[in-house]
Amino acid sequence: MASGDGDTYGRDGHATTQVWRVISRPIVVTPGPYRLEASILRDVPELDGITARLQFALPGGKRSYGWRSDLLFWGGLANLYLIGPFTLLLALILMGLEVRYWLASRRT
């Protein structure tokens, strides 16, 4: 179990309507099911007048969640752009050959 207050001094970035900062270092855990509970315990003095919200992200803005999600993404694209058209082309070729053999057998 990990707990405690994060450091709220400084900022990591800002946009027109928001300011964000990392308030805790990443926690390394072994794979498995976890339940996360987080709350804002006190106002942040430096953010006077700005509503605080919690948002969770992977370190470094990582968008991949492992090889399984990568396989799902790239496998879907490969199926759509490579395997699907190849299968359709092969089916058309095989159907053409079958029609050709069928017509040749009817002539004899």
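**Reading a nonpolar surface patch**

Modeller: In this predicted model, a nonpolar patch with about 690 Å² of accessible area together is formed on the surface by Phe86, Leu89, Leu90, Ile93, Leu94, Leu97 and Tyr101.

Biologist: Where is phenylalanine 86 found, and is phenylalanine 86 buried or exposed?

Modeller: Phenylalanine 86 is found in helix α1, which covers residues 67–107. Exposed means a relative accessible area over 50%, and phenylalanine 86 therefore counts as exposed, since its value is 54%.

Biologist: Which pattern does the chain follow when read along the sequence?

Modeller: The chain has one helix and two strands, and along the sequence these follow the pattern β-β-α.

Biologist: How many aromatic pairs does the count give, and what sits over the ring of tyrosine 101?

Modeller: Ring centres must lie within 6.5 Å to pair, and by this rule the count comes to zero aromatic pairs. The ring of tyrosine 101, a residue of the patch, has the charged end of arginine 100 over it, 5.4 Å from the ring centre.

Technical notes
Residues are numbered from 1 along each chain as its sequence is written. This is a predicted model: local features need pLDDT of at least 70, side-chain atom pairs count only at pLDDT 80 or more; totals for chains, interfaces and linings use all residues. Side-chain values use heavy atoms; hydrogens and water are left out. Patches are made of residues with over 30% relative accessible area and no salt bridge: like charges are joined within 9 Å, nonpolar side chains (Val, Leu, Ile, Met, Phe, Trp, Tyr) within 5 Å. Accessible areas come from the Shrake-Rupley method with a 1.4 Å probe; for residues, only the protein chains shown count as cover. A salt bridge is a side-chain nitrogen of Lys or Arg within 4 Å of a carboxyl oxygen of Asp or Glu. Helices (H or I, at least four residues) and strands (E, at least two) are DSSP runs, numbered from the N terminus. Buried means under 20% relative accessible area, exposed over 50%, partly exposed in between (1.4 Å probe, protein chains only). Rings of Phe, Tyr and Trp (its six-membered ring) pair if their centres lie within 6.5 Å; planes under 30 degrees apart count as stacked, over 60 as edge-to-face and the rest as tilted. A charge sits over a ring if NZ of Lys or CZ of Arg is within 6 Å of the ring centre and within 35 degrees of the ring normal.
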